[in-house]
Amino acid sequence: MLKISVIGVGSISSMHIEAVQANAKAELVAFCDINEARLKEKGANYGVTQLYVDYKDLLANDAIDAVIICTWNDSHVEIATAALEAGKHVFVEKPLSRQMTDEARKLGDLAKTTDKIASVGMVRRYADNARVLKQWIDQGNMGDIYYGKASLLRRLGHPGGWFGKQSISGGGPMVDLGVHLLDITWYLMGKPRPVTVSANTTNYLGGRDHIGYLSAYKAADQLDEPSDVEDFANALIRFENGASLYIETSYAMHTPQDELLIQLAGSKGGAVLEPSLKLITEANGVILNAEPQMDYPGFHEHAYSREIDAFINACVEGTANETPIADGLTVLSMLDAIYQSAGQKQELRL
Ligand SMILES: NC(=O)c1ccc[n+]([C@@H]2O[C@H](COP(=O)([O-])OP(=O)(O)OC[C@H]3O[C@@H](n4cnc5c(N)ncnc54)[C@H](O)[C@@H]3O)[C@@H](O)[C@H]2O)c1
């Protein structure tokens with residue numbers, strides 16, 4: 001039985017905690033959070049009695065085999081590195097780090113050499129629509145994929161709190177939402193090597209806190225300071241194989257409705273992954289738009305338990321680590337280049 005602990009027991013941790021509890025190969029043994037009240041509450045809710053306010057004390061417990069890290073972005077690299085060094089398997093939430101640093105690169109090196117599983121939380125890869133499309137692509141149905149387009153625009157969706165604090169989050173919607181868009185599109189395109197990035201970021205609207213009559217998601221802990229992250233970002237990424245990817249994302253924008261689109265174009269066919277899977281091809285001089293008949297043709301929460309099940313299987317049974325930290329590092333290098341390009345107002349070569 002794999003003994004798992006969760007470090008950082010805020011909002012997203014519940015998905016992972018419940019996935020561990022439902023998995024017969026794992027046991028939930030300890031929690032850690034710097035917020036003691038939340039730590040106690042979460043412990044009581046889930047019947048976990050080993051509670052730590054300092055992750056170092058948790059890592060010193062030899063009975064713990066694996067950790068799931070769901071802290072703020074600024075501590076992912078530090079805690080993941082310490083956990084691997086302490087001999088634990090690691091699942092760390094996205095983004096791997098709030099920015100590219102020597103420490104993040106060292107974590108990448110450590111993840112390559114350790115015999116422990118080191119995974120990053122790229123949950124969209126585990127959704128049914130992504131699985132079906134990946135198989136479709138791998139069987140050559142799309143030919144050479146030369147374009148990816150990923151768009152997630154919120155009119156009113158700045159979570160506030162630490163999400164709006166550059167020093168903790170590392171950025172706004174591009175780090176928070178763009179990381180998912182980038183990862184899933186790049187993964188489905190066959191993980192080509194990024195070579196140039198041209199990007200823009202703006203912050204005209206902030207949190208739009210004065211807007212009424214419309215509800216919006218808010219982080220648990222709000223701060224009395226204005227957001228200093230971008231509210232909109234876009235980027236064009238070119239890859240070594242000649243393919244390109246356009247990404248745009250916002251926390252706040254004057255647009256008639258929230259938008260979500262993840263689309264791929266190839267030499268033999270196309271696909272829309274989100275909001276709902278569509279396969280585009282042609283036959284006998286006719287364009288065919290196929291809609292796979294599935295319970296969940298769009299992203300569904302079941303992907304969260306799938307990713308934890310896959311992590312547990314990799315730790316216990318040695319199955320493939322489908323979201324290695326090396327991938328998180330490549331996505332981080334693209335995010336980093338996006339912010340650098342936007343800051344310098346010019347195209348950047350990686
Ligand atoms: N994969 C996804 O779809 C998804 C969704 C939401 C959040 N996330 C990621 O999960 C992470 C957590 O997000 P959240 O929305 O749960 O945030 P949150 O603020 O609700 O929870 C984070 C918790 O971590 C604790 N914490 C912070 N630093 C710590 C440290 N050094 N040691 C111990 N505890 C610490 C905080 O006190 C808080 O309770 C973020 O990195 C976020 O990007 C991923």
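This is a predicted model: local features need pLDDT of at least 70, side-chain atom pairs count only at pLDDT 80 or more; totals for chains, interfaces and linings use all residues.
A salt bridge is taken here as a side-chain nitrogen of Lys or Arg within 4 Å of a carboxyl oxygen of Asp or Glu.

The protein chain is divided into domain 1 (2–122) and domain 2 (125–303 + 331–349), whose centres, taken over C-alpha atoms, are separated by 26 Å. To the contact between them domain 1 contributes 15 residues and domain 2 contributes 21 residues. The size of an interface is often expressed as the accessible area lost when the parts come together; for domain 1 and domain 2 this buried area is about 1600 Å², of which 60% falls on carbon and sulfur atoms. Two salt bridges are counted between the two domains, and seven residue pairs are found in polar contact across their interface.

The largest nonpolar core comprises 74 residues, and those with the most contacts inside it are Leu-58, Val-67, Leu-133 and Leu-182. Helix α11 (residues 325–344) supplies the largest share of this core, namely nine residues. Because both domain 1 (2–122) and domain 2 (125–303 + 331–349) give residues to this core, it lies between them. Apart from it lies another core, of 23 residues, which includes Leu-2, Val-9, Ile-17 and Leu-28. The surroundings of Leu-182, leaving aside neighbours within four places in sequence, consist of contacts with Ile-237, Leu-245, Ile-247, Val-331, Met-334, Leu-335 and Ile-338.

Thr-249 is placed in strand β10 (residues 244–250) and, with a relative accessibility of 0%, counts as buried. A polar atom of the Thr-249 side chain lies 3.0 Å from the backbone oxygen of Leu-152. When residues up to four places away in sequence are not counted, Thr-249 touches Leu-152, Leu-153, Pro-173, Met-174, Leu-177, Gly-178, Leu-181, Asp-231, Phe-232 and Ala-233.

Helix α4 (residues 76–85) is likewise mostly covered, seven of its 10 residues being buried. The buried residues of α4 are His-76, Val-77, Ile-79, Ala-80, Thr-81, Ala-83 and Leu-84, and the elements that cover them include the strands β1 (2–7), β4 (66–69), β5 (89–93) and β6 (118–121), together with the helices α3 (55–59) and α5 (102–113). Just after α4, Gly-87 adopts a positive phi of about 85 degrees.

Definitions and conventions. Residues are numbered from 1 along each chain as its sequence is written. Side-chain values use heavy atoms; hydrogens and water are left out. A nonpolar core is a set of buried Ala, Val, Leu, Ile, Met, Phe, Trp, Tyr and Cys residues joined through side-chain atoms within 4.5 Å. Buried means under 20% relative accessible area, exposed over 50%, partly exposed in between (1.4 Å probe, protein chains only). Helices (H or I, at least four residues) and strands (E, at least two) are DSSP runs, numbered from the N terminus. Domain bounds come from an automatic or database domain assignment. Contact means heavy atoms within 4.5 Å. A polar contact is a pair of N or O atoms within 3.5 Å; within protein, one must be able to donate a hydrogen and the other to accept it, and residues adjacent in sequence count only if both atoms are side-chain atoms. Buried area is the accessible area (1.4 Å probe) that two parts lose on being put together, summed over both.
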